[in-house]
Amino acid sequence: MRLFRWLLICVSLILAVILADLCRAQAAPRKPGELVWTIGYDPKTFDPAKVDDQESELVRYLTAGVLLRFNRLSQKVEPRLAESWGLSSDGRTVTFKLRPGLEFSDGSNLTANDVAWSIRRVLLKDTGAPVAEEFVSPGEVTVDSPDAGTVIVHLPKRVIGIGKVFDEIAIEPADRPSEGRVTAGPFVVAEYRRSQFVRLRANPHYAVADGAALPYASGIRLDVLENPEQEVRLFERGQYDFIAGIPPDYFELLKQKDPASVRDLGPSLNTEQMWFNQAPSAPIPAWEKSWFQSRGFRLAVSQAIHRADLARIAYLGHATPAYDFISPANEEWYDHQISAPHTDVAAAKATLARAGFRVNGVALQDSAGHLVKFSILTNSGNAARMKMATLIQQDLGALGMQVNVVALDFPALIERLMHTQDYEACLLGLENVDPDPNAMMNIWLSSSPNHQWDPSEKAPATSWEAEIDRAMDRQATTMSHAERKEAVDRVQQIVADEQPFIYLVYPNVLLAVSPHLKGVEPAVLEPTIAWNVEDLRLDGQR
Amino acid sequence: MKINRSIAALLFGLALIASAVVLAPGASYSRQERDATFAAASRQHMAGTDELGRDRLVRVSAAFLLSLAGAIMASALTTAAAAGVGTLAAFGPASVGWLAMLVCDVFLALPWLFLLMMVRSALPLTTSPANSAAITFLVLAALGWPACARAVYRGALHLKSAEWMLHARASGLRSAQIVRHAIPNFFPLLLPQFLVCIPAFVIAEANLGALGLGVGEPLPSWGGMLLELDNSAMLMQTRWVYFPVALLIVVLLLLDAIAVEVE
Amino acid sequence: MSDETLLRVNLEAAYPGKSILRDVRFELQRGEILGLAGTSGAGKSTLVLSLLGLLPWRGGRVSGEVELDGENLLALNERRLRELRGCKVALIPQSPMTALNSAISLQSHFVEAWKAHEDSGRAALDRRMQDLLAEVQLPSDRGFLRRRPSQISVGQAQRVLIALALLHRPQLIVADEPTSALDPVTQAQIVDLLRRLNRRHGTALLYVSHDLVSVLRLCDRVAILDSGAIVECLPVDALHKASHESTRALLETLPVPLDVLLSFRNSAAPEPLHLVIAE
């Protein structure tokens with residue numbers, strides 16, 4: 001009977017899936033005192049100088065001994081291997097005084113020589129360290145170690161937020177780079193099984209804190225797992241100690257079962273935004289370009305979008321409506337005075353009418369009679385973006401705009417954004433790791449290839465883009481913090497007025513934390529929970 | 001093989017009900033009632049609403065009609081193409097047959113999912129949801145014929161060595177006469193192919209939709225609805241999310257049962 | 001070759017890599033019924049296909065001569081061969097059910113076979129069919145003719161095939177085991193029918209069979225085919241003188257002694273036969 005065969009196939013498939021799930025859902029056994037959580041993919045490298053991806057960066061954060069650490073909670077730079085540090089008045093000389101009696105994890109002494117060697121290694125072109133770029137011209141930086149406890153770094157030009165740069169430079173034994181096996185940080189890499197886990201063990205010679213033998217945990221296992229479904233299940237069984245960045249629907253699921261196990265820290269530094277393609281060379285009709293280059297058009301779109309609905313429906317309430325590229329979580333730089341267009345459909349219609357658009361029946365037309373019809377591109381596989389796009393589709397439909405939502409796989413999307421520029425509008429997110437707006441230079445400078453709405457402009461296409469360029473330059477060169485703040489505020493206001501990016505929401509930082517995990521002080525900045533990894537410990541541990 | 005009329009009637013009845021639901025005054029598969037997301041079943045929304053507050057019953061009905069119509073058309077195309085290629089391969093010179101089957105094998109070996117993604121990303125972005133749905137099914141048809149053609153080829157080879165053909169030649173019939181009389185013999189060969197392809201395409205579209213390819217928003221598709229089942233968090237919200245799957249299984253079983261073997 | 005010789009055969013046949021017929025030589029007189037007996041696997045079916053020039057359709061190859069009425073069929077092109085097939089030489093195939101196209105009606109079979117060799121209209125065909133169907137003792141009403149091959153019995157199907165073979169009054173009919181698929185009663189009826197037709201129309205018949213009983217009942221002479229060669233050819237009456245071992249082996253399989261069978265053959269001719277002989 002064919003019918004039975006069908007059913008048989010269905011049933012056996014389901015069984016196979018369940019079985020496969022059960023097999024995979026076996027995490028490795030936990031060692032005593034070991035913390036366990038997951039990483040989404042295999043770290044690309046364990047060499048701290050070559051880190052370029054998020055998971056490698058996490059391993060570096062957990063293992064590397066650094067001169068200075070950027071405190072993710074207070075958002076201040078704190079000395080670590082350095083006992084103290086100072087910046088000369090011209091901002092071009094950084095002097096570090098090392099703590100006395102520092103040792104690497106193998107027991108050997110850590111001296112200024114090792115520090116100077118590690119910094120020079122990062123600066124060397126051959127190393128190819130991504131962090132070198134933060135020195136602006138790394139080739140001209142020189143490093144001296146006048147005595148065993150002092151290191152002096154000479155910069156050719158002042159670098160904004162130079163202290164934070166040293167948060168990313170691991171100090172390694174001179175001439176003995178070990179890919180994290182010998183470190184001066186809280187942990188060292190002990191074992192790596194491809195696509196299974198990375199195991200770290202505590203550094204017995206870690207002596208940064210005074211008194212207490214830190215870290216508390218005897219080790220860490222980072223399981224490679226990218227399936228949120230399984231991650232949540234294993235978390236519930238106590239196999240994982242926390243989940244950083246849990247999707248909103250799973251957050252709700254866990255919340256229903258145990259409200260104490262989840263935390264919503266409010267808006268993250270990340271933004272979700274949409275923008276229109278304003279590139280003059282884009283292979284789209286000229287009249288569409290003129291819409292997209294029209295401030296009124298962009299403003300009307302921004303006014304028509306119900307951001308509260310996006311946050312409530314697409315993120316189940318775990319996002320915050322966004323009108324600015326700087327998140328309110330970024331207290332130092334967020335401009336509370338900014339005046340941004342808010343949701344107002346009537347105002348949006350008026351704005352469109354002023355810009356020469358008119359409604360014919362239910363459809364919107366431009367002054368030349370072209371139907372206003374365009375597509376919003378987003379990446380496939382991101383449920384929240386897809387929902388936002390569909391909601392926006394209806395919001396803009398209320399203005400008479402006919403919107404297509406197209407989901408493409410990431411490579412195809414990037415191809416269109418970066419190379420062919422064959423798209424009309426795009427909805428994507430931006431992850432901000434660094435709260436300092438200087439890190440967003442590459443987005444705001446009109447000459448940058450990452451200036452998404454019109455990349456790599458030869459000269460600023462509009463006066464407001466020219467003004468953004470000037471303001472960004474000013475914040476990067478001025479010595480005065482107040483002037484920097486003023487320049488960044490100005491950029492925020494221009495962006496709110498011109499809407500080159502139409503900001504939609506700040507996704508909230510969502511965490512799940514086991515009640516057995518102690519010492520948790522979650523921060524909005526990455527790594528949200530592991531930032532104070534020295535203090536994390538399981539119940540019953542000292 | 002012939003059509004089981006009562007099951008065909010049942011399926012047709014389902015299609016009629018679905019059409020009535022979709023065409024009912026006030027019904028809309030895309031209207032978002034944003035204050036009533038994941039609503040429970042009520043008089044207004046008989047199967048509740050989805051995560052964007054859209055009527056689930058209307059969406060499932062529309063998806064059912066779209067998938068069925070698309071799959072039937074794609075299946076007809078595939079079967080026609082397969083009939084052409086399979087017959088040509090079987091009755092043409094041996095080299096043509098060899099070549100045609102080689103092409104089939106190459107097609108079968110193609111990473112079709114990758115191909116579909118390429119086609120999808122090469123489409124103009126302004127392609128309307130309806131057109132993209134049509135193109136999706138066309139592409140499915142274009143990729144589906146080789147398996148079908150192989151079956152037709154085997155059947156046609158069998159036919160080629162059939163006793164009646166030899167007897168027809170022995171009676172001095174012209175080749176044209178023989179071919180003309182061979183055609184009705186293909187129907188029992190093609191009908192099962194046609195009927196088998198329909199559920200296959202329905203499933204293929206559902207798979208594509210589950211990957212975010214396939215039919216574009218706000219047009220509902222079975223695949224898009226199956227996406228809802230992807231996470232257990234969603235399943236907690238309402239049992240109605242199982243409704244599209246349940247209907248899909250019923251329709252697949254009906255489609256499967258519609259072709260019954262005689263004897 | 002005398003005027004009385006209708007068919008003279010001297011051929012070899014092979015499938016790729018496998019020789020089937022090595023040395024097949026025999027003659028057939030006008031109006032004669034020649035039996036061709038042999039065990040299965042002796043090459044009987046290959047011989048039938050070779051005679052009609054159909055072996056290439058099955059991937060085989062024939063060399064030698066098949067001289068029908070002075071014309072060597074094997075030297076003809078397909079176009080000319082087609083004109084002869086069904087017109088001058090016809091085939092009664094082995095399995096009646098598969099030899100008819102199950103997708104078309106009986107009527108269509110006759111129409112197509114008619115059109116293959118005749119330009120004259122439907123009226124002529126209708127008249128011819130009336131005669132033929134009566135002759136093979138089949139109903140000739142529309143209802144019957146509208147049936148599909150699957151809707152008639154095996155015996156009826158074999159009669160339809162005989163009628164089709166006779167349609168264009170061929171000089172020679174090759175019957176390839178025409179009774180093997182039939183029950184004994186129908187077998188006997190078909191054998192009698194063939195014999196009657198032969199007597200009435202003088203159609204020569206090459207009767208190929210492994211069933212020596214029916215061969216003895218029907219044929220004037222018997223040729224024995226063994227592993228691809230005609231090993232012996234002699235009148236039925238002289239069969240007891242057979243010398244070749246395979247002939248003897250065949251004879252030994254007979255359920256009844258040979259002389260009993262032969263006496264039955266001479267006495268049990270059915271009624272119509274006498275009439276025909278009386279003509």
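Biologist: What does A:D309 form a salt bridge with?

Modeller: With B:R34. This is a predicted model, and in it the closest N and O atoms of that pair are 2.9 Å apart.

Biologist: How many salt bridges are there between chain B and chain A?

Modeller: Three. The polar contacts across the interface come to eight residue pairs, with both residues at pLDDT 80 or more.

Biologist: Which elements give two or more residues to the side of chain B that touches chain A?

Modeller: In chain B, they are α4 (112–122), α7 (175–210), α9 (232–237) and α10 (243–258). By type, the residues on that side divide into 16 nonpolar, ten polar and ten charged.

Biologist: How many residues are in contact on each side, chain B and chain A?

Modeller: 36 residues of chain B are in contact with 33 of chain A.

Biologist: And how much area do chain B and chain A bury between them?

Modeller: About 3,100 Å², with 55% of it on carbon and sulfur atoms. B:R34, B:L125 and B:D256 supply 26% of what chain B buries against chain A, more than any other three residues.

Modeller: In helix α15 of chain A, residues 481–498.

Biologist: Is A:R484 buried or exposed?

Modeller: Buried, because its relative accessibility is 6% and the cut-off for buried is under 20%.

Biologist: What does the side chain of A:R484 make a polar contact with?

Modeller: With the side chain of A:Q475, at 2.7 Å. Leaving out residues up to four places away in sequence, A:R484 touches A:I160, A:W333, A:D436, A:N438, A:Q475 and A:T478.

Biologist: On to cysteines. How many disulfides does a search of the whole structure find?

Modeller: Zero, over all chains.

Biologist: Is B:C148 buried or exposed?

Modeller: Buried, with a relative accessible area of 1%.

How values were computed. Residues numbered from 1 in each chain as written. Chains lettered and ligands numbered in written order. Predicted model: local features only at pLDDT ≥ 70, side-chain atom pairs only at ≥ 80, totals over all residues. Heavy atoms only, no water. Contact = heavy atoms within 4.5 Å. Buried area = accessible area lost by both parts, 1.4 Å probe. Salt bridge = Lys/Arg side-chain N within 4 Å of Asp/Glu carboxyl O. Polar contact = N/O pair within 3.5 Å; in protein donor to acceptor, adjacent residues only side chain to side chain. Helix = DSSP H or I, 4+ residues; strand = E, 2+ residues; numbered from the N terminus. Nonpolar A, V, L, I, M, F, W, Y, C, P; charged D, E, K, R; others polar. Buried < 20%, exposed > 50% of the residue type's maximum accessible area, 1.4 Å probe, protein only. Disulfide = S-S within 2.5 Å.
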